[in-house]
Amino acid sequence: MLRAALPLLGLPLAGAGATEEPTQEPGSPGEPPPGLALFRWQWHEVEAPYLVALWILVASLAKIVFHLSRKVTSLVPESCLLILLGLVLGGIVLAVAKKAEYQLEPGTFFLFLLPPIVLDSGYFMPSRLFFDNLGAILTYAVVGTLWNAFTTGAALWGLQQAGLVAPRVQAGLLDFLLFGSLISAVDPVAVLAVFEEVHVNETLFIIVFGESLLNDAVTVVLYKVCNSFVEMGSANVQATDYLKGVASLFVVSLGGAAVGLVFAFLLALTTRFTKRVRIIEPLLVFLLAYAAYLTAEMASLSAILAVTMCGLGCKKYVEANISHKSRTAVKYTMKTLASCAETIIFMLLGISAVDSSKWAWDSGLVLGTLFFILFFRALGVVLQTWVLNQFRLVPLDKIDQVVMSYGGLRGAVAFALVILLDRTKIPAKDYFVATTIVVVFFTVIVQGLTIKPLVKWLKVKRSEHHKPTLNQELHEHTFDHILAAVEDVVGHHGYHYWRDRWEQFDKKYLSQLLMRRSAYRIRDQIWDVYYRLNIRDAISFVDQGGHVLSSTGLTLPSMPSRNSVAETSVTNLLRESGSGACLDLQVIDTVRSGRDREDAVMHHLLCGGLYKPRYRPIIPLFGSHVCHQISPQIHII
């Protein structure tokens, strides 16, 4: 079984090319029986798993060495260093073995290396930010990818017709359109590797990264349609074939999303019944998410879109159902797998570039491709952003457009797709492979090295690495209710209206179906935060040398309820017991940081008003329907 998996992993078969010598059976006439061997070297038995483990070890050690110098990692992205390391290792292997032994195989990439990266991105993606910018993401992913693919392919064909591409590059219009479809898509692995180190603001990151995830459906459709047209021949393509190509875009994208949501539903429903078998909860998360990817791949749908929607759709319910230890195991296992896969991908990209037998060079094609992908990317971003800004409340300014244009990185997806081309049907495959390698290296290394200084020079707004305070969350939810109510009053069913309707549907049906009752009760974050603040009061009081109450005098329930939290407040119990110490560590004078000070103010607000609801007469201002919409939030405050 391991020997059968060697070609898929890009590893050479043991003894490949060697003639198999006949073996003599022990006990044959004229031969004495072999004696007991004290030591036997059995490399061929463990070659495949040993080499895989060795590559992972080398990748891990490389990351450790890179991060020993903070100056190097602050200037050079990790992806660039890994590609350079791959070039060095590939050169060493080529010098020793006289041939390239290891390559980035498309099967290995699509079935084993890409899924953990996409799952990690989809599972931990900020869903609120993603859906707030879904319109812009879809525009750049669909319209932008189509624009880049057709304009780049047509421009390269025109370059050939003008005689700027060597005649030995035998390719027609369909061949260049096929090449344009695979070289124009923004790569999620490259974007994630570079943009996470640049730390641009959340909106800019989610638009570029969301585009790189959702354009997979467009890339898959264009690649398969153009590849089919090349195999059929331009003379045999009918009008119905073009209509089928357009229809397949919707089938591949919507079908992939549907597969992901179905498996997300199954995963959430399964984790609802794992209370007595906590040990298998992390296994279920990875198993069903990977099953979603394989199912979409088996049905020729968008596997990236499937696993992205699976992670987005299941996280809220799965996190509420599984235990805290399982959540920790899922988080760190997912991050570890994604980091290892990303490291191996960039190393193998560098190693694969050393094998000159698989590519051929043409300067006109390489330089033309680099110019056209940069030019048409920038032009497409400017045109699409101008249209989007007519409808966005917060428009994307010119600096954002520069970063988005410059951040269109290509990566291993394009390389794997170009390797899959059939040389018998596409004679210019070797030239396309060389061009793809140059484009990937240019975008990851050159643009990856210069995008951080560019962001600093343009003074792009950076991301803020802190969770929203309780005060911010309360005001955010309040404004959501107010805006949804205003849209309802004026009769405009906009984004806030439909989001409010979805939240009501989720609360009434989905959450009750996919969550355990105990998990559904603690969804109210206000009560959970109030409970945790009281716990922190007790711990800090003990640390400061206070007297510890007996278990009969201090009981902290695991699940606060509306009727019990006030009576079980640690501060109230201590004050009722006659203690002269002030347990309330939320006293503003003792708070150190600004975030703790803000939480302290909200803690006092909750202590004073959590069970004293006030309904102010706001009906004349907004109307009765608005009062009905926002009264639950005022009641909580």
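Predicted model: local features only at pLDDT ≥ 70, side-chain atom pairs only at ≥ 80, totals over all residues.
## Ground rules

Buried means under 20% relative accessible area, exposed means over 50%, and partly exposed is in between (1.4 Å probe, protein chains only).

Residues are numbered from 1 along each chain as its sequence is written, and side-chain values use heavy atoms, with hydrogens and water left out.

## A bent helix

Let's start with α5, a helix of 18 residues (106-123). Helices here are DSSP runs (H or I, at least four residues), numbered from the N terminus. The expected span of a helix is 1.5 Å times one less than its number of residues, so α5 should span 26 Å, and its end C-alpha atoms are 24 Å apart, which agrees.

Now for the kink: α5 bends by about 45 degrees at L114, and the proline P115 follows within four residues. That bend is the angle between axes fitted to the seven residues ending at a position and the seven starting there. Of the 18 residues in α5, 15 are buried, so the rest of the structure largely encloses this helix.

## Salt bridges

Side chains of opposite charge can pair when their charged atoms come close. A salt bridge is a side-chain nitrogen of Lys or Arg within 4 Å of a carboxyl oxygen of Asp or Glu, and the structure holds 14 of them. One of them joins R128 and D480, whose closest N and O atoms are 3.1 Å apart. R128 sits in helix α6 (residues 127-132) and D480 in helix α19, so this pair ties together parts that are 352 residues apart in sequence. D480 is buried at 14% relative accessibility, while R128 is partly exposed at 32%.

D362 and R168 make another salt bridge (3.7 Å, N to O). It links distant parts of the chain, 194 residues apart: D362 is in the loop between α14 (324-352) and α15 (363-388), and R168 is in the loop between α7 (134-161) and α8 (173-183). D362 is buried, at 5%. Then there's R423 with D430, at 2.7 Å from N to O. Salt bridges that share partners also join R128, D132, E476, D480 and R499 into one network.

## Buried polar and charged residues

D500 lies in helix α20 (residues 495-514) and is buried, with a relative accessible area of 6%. What does the side chain of D500 make a polar contact with? The partner is the side chain of Q504, at 2.9 Å. A polar contact is a pair of N or O atoms within 3.5 Å; within protein, one must be able to donate a hydrogen and the other to accept it, and residues adjacent in sequence count only if both atoms are side-chain atoms.

K429, in helix α18 (residues 429-458), is buried too, at 10% relative accessibility. Not counting residues up to four places away in sequence, K429 touches V418, I419, L421 and R423, where contact means heavy atoms within 4.5 Å.

## Loops with a twist

H199 has a positive phi of about 60 degrees although it is not a glycine. H199 lies in the loop between α9 and α10 and is partly exposed, at 33%. K459 also has a positive phi of about 60 degrees without being a glycine; K459 is in the loop between α18 and α19 (470-490) and is exposed, at 73%.

Conventions:
Helix = DSSP H or I, 4+ residues; strand = E, 2+ residues; numbered from the N terminus.
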